[in-house]
Amino acid sequence: MADLNPRIEISFLETFICSAFAACFAELFTVPLDTAKVRLQLQKKIPAGGDGDHLPKYRGSFGTLSTIAREEGISGLWKGVMAGLHRQCIYGGLRIGLYEPVKTFLVGSDFIGDIPLYQKILAALLTGAIAIIVANPTDLVKVRLQSEGKLPAGVPRRYAGAVDAYYTIVKLEGVGALWTGLGPNIARNAIVNAAELASYDQIKEIIMKIPGFGDSFLTHMLAGLAAGFFAVCIGSPIDVVKSRMMGDSTYRNTIDCFIKTMKTEGIMAFYKGFLPNFTRLGTWNVVMFLTLEQVKKVFLREVLYD
């Protein structure tokens, strides 16, 4: 009788469900930090020599959170939360759910050993791009709703909520408008996804080889925090361009937005909101990966092969 070799398996549908749940849970936890990041990214540089009335409205992550809460109420910190959950359910489920199958496809199902880092990066680039093409409308609506609070007092809000935003955008701007900013969004999400998933995968693999760690809570937390840091360092410039294009219709295209931002505000404008972005993505990745690792245990099963 042939030996039976056990293998731990989980289906794509089960991984998608786990990934969507973990991503939505992390989104709920960190939406205020994301709102602060978007407001800082959309804030234009104030010309030198202005009086006190022209000081930047938002200053730093905690200052921005405080200003939003004071002017718009605590609920203002969760603007766009429904669109954010729509996004994470689709985008988070697809990008994470597809990662393992695509990685396996690239190296072959018979591959044994540690998968090379470049294959992990390529797999994450592909799944990030595929996922955001599907989820771009949810990302657009989320940014539009988050940017509503920067409108002057007395100016009527454009959207009553996420569903109204989808309807209004299609009615006034056409269906194609839902994919505004798709170019930088594909670039941003493919790169950030690679920074997150590939770095988490690689760092977790390294940490697990250190005596005393293993596949533990601490390992998942450290790998998730590192994934957030790499994602922000690599993705911030593209993230700023993406947020500005989605929140401000004055830019003709990605290159126009990049050139105008560089010309008027300099290179550091592309790292606006870096601290709240890292605070948010670092926290998001820790919460998401910790949740994902725990939820997946519900579906993992041992299958015997000859």
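At what angle do helix α4 and helix α5 pack, and how far apart are their axes? I took this up at the start of my notes, keeping in mind that I am reading a predicted model.

**Entry 1: α4 and α5.** I looked up the pair and found that helix α4, residues 99–107, packs against helix α5, residues 117–147, at an angle of about 130 degrees, with their axes 9 Å apart. On the α4 side I listed Tyr-99, Val-102, Lys-103, Leu-106 and Val-107 as making the contact, and on the α5 side Gln-119, Lys-120, Leu-122, Ala-123, Ala-124, Leu-126 and Thr-127. Sorted by class, the residues of this contact come out as eight nonpolar, two polar and two charged.

**Entry 2: the chain as a whole.** I then stepped back to the protein chain, in which I find ten helices and two strands. Of the 306 residues in the chain, 49% are buried. I looked up the contacts between residues at least 6 apart in sequence as well, and 78% of these join residues at least 24 apart. The chain exposes about 14800 Å², and carbon and sulfur atoms supply 68% of that area.

**Entry 3: α3 and α10.** Next I turned to helix α3, residues 81–97, and helix α10, residues 274–299, which pack at an angle of about 70 degrees with their axes 14 Å apart. The two helices are therefore roughly perpendicular to each other, since the angle lies within the span of 65 to 115 degrees. Their crossing is right-handed. I recorded Gln-88, Arg-95 and Ile-96 in α3 as meeting Arg-280, Trp-284, Met-288 and Leu-292 in α10. The classes in this contact are four nonpolar, one polar and two charged residues.

**Entry 4: Lys-204.** Is Lys-204 buried or exposed? I placed Lys-204 in helix α7, residues 182–208, and its relative accessibility is 15%, so Lys-204 counts as buried, the cut-off being under 20%. Leaving aside residues up to four places away in sequence, I found that Lys-204 touches Ser-199, Asp-215, Thr-219, His-220, Ala-223 and Glu-293.

Notes: Residues are numbered from 1 along each chain as its sequence is written. This is a predicted model: local features need pLDDT of at least 70, side-chain atom pairs count only at pLDDT 80 or more; totals for chains, interfaces and linings use all residues. Side-chain values use heavy atoms; hydrogens and water are left out. Axes are lines fitted to C-alpha atoms, for helices over the stretch in contact, and angles run from 0 to 180 degrees between N-to-C directions. Helices (H or I, at least four residues) and strands (E, at least two) are DSSP runs, numbered from the N terminus. Contact means heavy atoms within 4.5 Å. Ala, Val, Leu, Ile, Met, Phe, Trp, Tyr, Cys and Pro count as nonpolar, Asp, Glu, Lys and Arg as charged, and the others, Gly among them, as polar. Buried means under 20% relative accessible area, exposed over 50%, partly exposed in between (1.4 Å probe, protein chains only). Accessible areas come from the Shrake-Rupley method with a 1.4 Å probe; for residues, only the protein chains shown count as cover. Angles under 35 degrees count as roughly parallel, over 145 as roughly antiparallel, 65 to 115 as roughly perpendicular and the rest as oblique. A crossing is left-handed if the near helix is turned anticlockwise from the far one by less than a right angle, and right-handed if clockwise.
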